[in-house]
Amino acid sequence: MNCSIAALEYFLPKKIVNNRDLLIENPSWNIAEIVKKTGVDSRHIAASGETALDLGYEASKKLLNTSGINKDDIGTLIFCTQSPDHILPANANILHNKLALKDGVWAFDVNLACSGYIYGLALSKALLNTYELDNILLVTADTYSKYIHPKDKSVRMLFGDGAAATLLRRSDYGIIDVTIGTFGKKYDKFIIPAGGLRIPRSRKTEEEITDNSGNRRTQGNIFMEGFSLLSLAMAKVPENIRQILAKNNLKIEDIELFIFHQASKAVLDTLKKATEIPEEKVFNNIANIGNVVSASIPIALKDALSANKIKRGDKVLLCGFGAGFSWGSAILEWG
Amino acid sequence: MQNSEKVEKLVYEVVKDINKMAVQNLNTERIGDIPLQERLDSLAMVNLVVSLEETIKQEFGISISLVGSDTEDSSPFKTIGSLVHYICSQLEKKKRS
């Protein structure tokens with residue numbers, strides 16, 4: 001038995017921060033040059049007090065309204081986020097309450113970044129097959145903006161906030177295969193060092209440091225070593241794509257559309273070159289969304305569907321990669 | 001002009017374009033010794049890779065990849081000198097293949 005995406009919706013915060021806003025705030029930033037490589041013109045940013053849970057709730061309500069599914073038929077709720085409301089309980093428990101889902105629902109969080117959607121699809125298929133659960137609500141939501149120091153252009157130019165809600169149902173088609181990989185050796189190349197139990201927040205962790213490019217951050221902010229992540233992406237992702245295609249006797253020409261995690265234009269261009277996937281087969285919506293972590297792939301998938309880039313019977317390859325270092329690909333047959 | 005000199009000039013110009021801060025204190029340094037990762041932030045390093053790959057394609061007509069499994073520890077990108085050496089070796093490899 002397989003499972004397929006029966007419905008998909010997303011929700012973005014109202015507030016939009018465009019590059020002109022950032023330039024006014026930071027006149028020394030060479031935004032015109034930076035945007036050529038990031039590809040991000042504007043991004044949605046969560047308001048103060050607006051969390052990933054709130055965004056996930058809005059996306060879920062939208063999905064319940066548009067799909068016509070009865071909320072009492074939801075059997076499982078998976079919430080993928082790295083910006084939860086609390087250390088405990090999980091966002092999934094709180095969302096279960098807010099959506100007034102029935103008792104007996106399996107509800108849990110998954111702490112993953114940009115590979116989170118691929119994991120969500122893999123988990124959904126496994127749960128459907130092993131425990132005969134049905135109607136899985138997969139919510140992927142993050143508000144990285146709250147972790148970013150406003151004076152750190154190396155990350156502030158890239159990331160946006162957003163949430164997606166996906167309904168997965170039992171079917172004869174859908175997820176053809178998923179392959180996933182991890183390279184924990186480089187876990188510290190994309191990290192928020194303080195705030196957990198290893199380095200609790202303190203006055204010391206709140207001290208600002210300024211790097212040689214003038215970016216400021218504390219140990220409670222995101223630190224990203226873009227070069228290492230690009231190297232890891234190039235070392236792992238093209239091989240992962242070749243593997244999943246070969247395992248399923250497929251070639252690039254058999255896939256109608258490739259949807260990569262929208263990391264940055266530079267990363268997407270380099271990946272396209274390394275994998276030799278034709279430009280017209282790669283969907284890109286980073287310009288007005290930015291990098292929205294685990295919500296990136298489903299938002300791009302929804303935009304591709306809205307733009308009629310996918311039709312019934314098409315094979316679509318989704319690929320996510322990021323903090324961890326973690327990566328994965330999924331091939332879907334669209335029904 | 002020999003390949004390595006041409007590549008060094010090219011890398012220097014790309015670095016200069018990407019981040020003016022990267023070439024501060026040039027008066028006291030040889031170009032080859034300029035420490036890239038100390039001068040360029042995360043975003044600038046990614047931009048450097050992409051810009052260099054584009055420029056090398058234009059100048060030499062050869063498409064090379066500057067990142068992958070052998071650059072995970074970033075050693076070729078430590079200084080302009082080590083980067084020039086890495087680019088020249090990649091160009092040689094491509095020419096031979």
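Guide: A crossing is left-handed if the near helix is turned anticlockwise from the far one by less than a right angle, and right-handed if clockwise. The model here is predicted, so local features need pLDDT of at least 70 and side-chain atom pairs count only at 80 or more, while totals for chains, interfaces and linings use all residues. Residues are numbered from 1 along each chain as its sequence is written, with chains lettered from A and ligands numbered from 1 in written order.

Visitor: Thanks! In which hand does α7(A) pass α8(A)?

Guide: That crossing is right-handed. Helices and strands here are DSSP runs numbered from the N terminus (helices H or I, at least four residues; strands E, at least two).

Visitor: What else describes such a pair?

Guide: Two packed helices are described by the angle between their axes and the distance between the axes. The axes of α7(A) and α8(A) cross at roughly 40° and come within 10 Å (lines fitted to C-alpha atoms over the stretch in contact, with angles from 0 to 180 degrees between N-to-C directions). The two helices are therefore oblique (under 35 degrees is roughly parallel, over 145 roughly antiparallel, 65 to 115 roughly perpendicular, the rest oblique).

Visitor: Which residues of α7(A) and α8(A) meet?

Guide: From α7(A) come L230(A), A233(A), M234(A), V237(A), P238(A) and I241(A), and from α8(A) come V267(A), T270(A), L271(A), A274(A) and T275(A) (contact: C-beta atoms, placed from the backbone, within 7 Å). They divide into nine nonpolar, two polar and no charged (nonpolar: Ala, Val, Leu, Ile, Met, Phe, Trp, Tyr, Cys and Pro; charged: Asp, Glu, Lys and Arg; polar: the others, Gly among them).

Visitor: Where is the kink in α7(A) centred?

Guide: On A233(A), with a kink of about 30° (the angle between axes fitted to the seven residues ending there and the seven starting there). A233(A) is also one of the residues that meet α8(A). The 22 residues of α7(A), 226-247, should span 32 Å at 1.5 Å a residue, and its end C-alpha atoms are 31 Å apart, which agrees (expected span: 1.5 Å times one less than the number of residues).

Visitor: How many residues of chain B are in contact with chain A?

Guide: 22 residues of chain B, which touch 24 of chain A. On the chain B side, α2 (36-39) and α3 each supply at least two residues, and α3(B) gives the largest share, eight residues. By class, that side has 10 nonpolar, eight polar and four charged residues.

Visitor: At what angle do α8(A) and α3(B) pack?

Guide: At about 40°, with their axes 10 Å apart. This crossing is left-handed. A266(A), D269(A) and T270(A) of α8(A) contact V46(B), N47(B) and V50(B) of α3(B). T270(A) also takes part in the contact with α7(A).

Visitor: And within chain B?

Guide: There, α1(B) (residues 3-18) and α4(B) (residues 80-96) have axes that come within 9 Å and cross at roughly 125°. That makes α1(B) oblique to α4(B). Their crossing is right-handed.

Visitor: What about the backbone?

Guide: Most residues other than glycine have a negative phi, and most peptide bonds are trans. A100(A) sits in the loop between α4 and β5 (106-110) of chain A.

Visitor: Which peptide bonds are cis?

Guide: One is L88(A) to P89(A), with omega near 0°; P89(A) lies in the loop between β4 (76-80) and α4 (91-98) of chain A. Another is G324(A) to F325(A), with omega near -5°, and F325(A) lies in the loop between β15 (315-322) and β16 (326-333) of chain A.

Terms used
Two residues are in contact if their C-beta atoms, placed from the backbone, lie within 7 Å.
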